[in-house]
Amino acid sequence: MPDIAVFEWERIPIDEDGEIMNRIKIAPDWIIEILSPDQSPLEIIEKISFAIKNGTKLGWLISPKEKKVLVFQGDRLPETKSGDLQLPILDIFPDWQLTVIELLSLLTFASKK
C-alpha cells in the first residue's frame, strides 16, 4: 500500500452497502510515496513501477532529504523534478498547480516566516 493512494471519484471501490471497501484490488489512479531514511529507494521504485504497469496513471516518489520528486507517468521514463519545477497532476484537478518547493514545504513542521 502506498503512503497516499488517490482514486478518481467514479473508481472508488465500494461494497454493497455503499462503504469504501477494506481490501482494494485495483490500482489507484495516483500513488505518492515519501522516502523514509530506512527505506530502500529501489523497493519503492519497484512498487511504483508495478502500479504504473497495472493501471496507475501517475506516481510520485518524494525524497525530502534530496529535495526532489521522481515522477512516473505511463510508458515514459521516470523524470526527476526539483526546485520551482511544476509537478504533473491528474487531469481531474485542472486548476491545481504545485511545485516541488511547495510540496516539500507541506512536509515540514518548521515555522513559516
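Me: Which side chain meets Lys81 in a salt bridge?
Reply: This is a predicted model. In it, the N-to-O distance of the pair is 3.4 Å. A salt bridge needs that distance within 4 Å. The partner of Lys81 is Glu79.

Me: Is Lys81 buried or partly exposed?
Reply: Its relative accessible area is 15%. Buried means under 20%. So Lys81 counts as buried.

Me: How many residues apart are Lys57 and Asp29, which form a salt bridge?
Reply: The closest N and O atoms of Lys57 and Asp29 are 3.8 Å apart. Lys57 sits in the loop between α1 and β3, and Asp29 in the loop between β1 and β2. The pair links distant parts of the chain, with a separation of 28 residues.

Me: Which strand holds Glu33, the salt-bridge partner of Lys47?
Reply: The closest N and O atoms of Lys47 and Glu33 lie 3.1 Å apart. Lys47 belongs to helix α1. Glu33 is 14 residues away, in strand β2.

Me: What accessible area do Ile92, Phe93 and Trp96 have together?
Reply: Ile92 lies in the loop between β5 and α2. It is partly exposed, at 41%. With Phe93 and Trp96 it forms a nonpolar surface patch of about 270 Å².

Me: What is the mean pLDDT of the protein chain?
Reply: Of its residues, 96% reach 70 or more. Strand β4 has a mean of 98. For the protein chain, the mean is 92.

Terms used: Residues numbered from 1 in each chain as written. Predicted model: local features only at pLDDT ≥ 70, side-chain atom pairs only at ≥ 80, totals over all residues. Heavy atoms only, no water. Patch = residues over 30% accessible without salt bridge, like charges linked within 9 Å, V, L, I, M, F, W, Y side chains within 5 Å. Areas by Shrake-Rupley, 256 points an atom, 1.4 Å probe, with all protein chains shown as cover. Helix = DSSP H or I, 4+ residues; strand = E, 2+ residues; numbered from the N terminus. Buried < 20%, exposed > 50% of the residue type's maximum accessible area, 1.4 Å probe, protein only. pLDDT = per-residue confidence, 0-100.
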